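The sequence and the coordinates are shown first.

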Amino acid sequence: MELKSFSIFESGIRPRMIIEASAGTGKTYTITGLVIRLILEEKVSIDKLLVVTFTRMATRELKDRILRMLREVYLVLLEGTGKEDNPFLLCFPP
């Protein structure tokens, strides 16, 4: 099986996705980005999403990152501030 590189912005979103990778490879960042895409592009309500990880600490970190990114996206899209501080947000129009 050929491994393909994954891009948060170029890869399609499917109803079920599994992200599997070693520690320190950006899984939390990738999952956060996919959640933001689902909310913005697919209009999925956050209460309809199920994101599973394996430890309480990882769950807490993922929840915190998703909430932080949602706040940052809010500022960029509604107030036009904060975009330059986060490369993920550069993809969104002013």
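## Packing between the helices

The model discussed here is predicted. In it, the buried residues of helix 2 pack against helix 1. These buried residues are Leu-62, Ile-66, Met-69, Val-73 and Val-76.

Beyond its neighbours within four places in sequence, Thr-32 is in contact with Leu-62, Arg-65, Ile-66 and Met-69.

## Overall composition

The secondary structure of the protein chain consists of 2 helices and 0 strands. The chain has 94 residues, of which 22% count as buried. Contacts between residues at least 6 apart in sequence were also examined: 47% of them join residues at least 24 apart.

## Helix 1 and the residue after it

Helix 1 comprises residues 27-41. Its 15 residues should span 21 Å at 1.5 Å a residue, and the end C-alpha atoms are 20 Å apart, so the two values agree. Its buried residues are Thr-30, Ile-31, Thr-32, Gly-33, Leu-34, Val-35, Ile-36, Arg-37 and Leu-38.

Arg-37, a residue of helix 1, has a relative accessible area of 8% and is therefore buried. With neighbours within four places in sequence left aside, the contacts of Arg-37 are Ile-8, Phe-9, Ser-11, Ile-13 and Glu-42. Just after helix 1 comes Lys-43, with a positive phi of about 60°, although Lys-43 is not a glycine. Lys-43 belongs to the loop between helix 1 and helix 2 and is exposed, because its relative accessible area of 65% is over 50%.

## Helix 2 and the residue after it

Helix 2 covers residues 56-79. It has 24 residues, and the distance from its first C-alpha to its last is 34 Å, close to the 34 Å expected at 1.5 Å a residue. Gly-80 follows helix 2 and has a positive phi, near 70°.

With a relative accessible area of 35%, Leu-77 is partly exposed. The C-alpha atoms of Leu-77 and Leu-89 are 9.3 Å apart in space, while the two residues are 12 apart in sequence.

## The largest nonpolar core

Which residues make up the largest nonpolar core? It contains 5 residues in all: Ile-36, Met-69, Val-73, Val-76 and Leu-89. Helix 2 provides the largest share of this core, 3 residues.

## The largest pocket

Rolling a probe the size of a water molecule over the atoms shows where empty space is left. The largest pocket holds about 890 Å³ of space. Its lining consists of 30 residues, and those nearest its centre are Met-17, Ile-19, Ile-31, Val-51 and Val-52. By class, the lining has 18 nonpolar, 6 polar and 6 charged residues. Helix 1 and helix 2 each supply at least two residues of this lining, and the largest share, 6 residues, comes from helix 1.

Val-52 and Leu-62 lie 10 residues apart in sequence, and their C-alpha atoms are 9.5 Å apart in space.

Notes
Residues numbered from 1 in each chain as written. Predicted model: local features only at pLDDT ≥ 70, side-chain atom pairs only at ≥ 80, totals over all residues. Heavy atoms only, no water. 1 Å grid on protein atoms, 1.4 Å probe; cavity = no way out; pocket = protein on both sides within 12 Å on 5 of 7 lines; lining within 4 Å. Points joined across faces, edges and corners; volume = space filled by probe spheres on them. Helix = DSSP H or I, 4+ residues; strand = E, 2+ residues; numbered from the N terminus. Nonpolar A, V, L, I, M, F, W, Y, C, P; charged D, E, K, R; others polar. Buried < 20%, exposed > 50% of the residue type's maximum accessible area, 1.4 Å probe, protein only. Contact = heavy atoms within 4.5 Å. Expected span 1.5 Å × (residues − 1). Core = buried A, V, L, I, M, F, W, Y, C linked by side-chain atoms within 4.5 Å.
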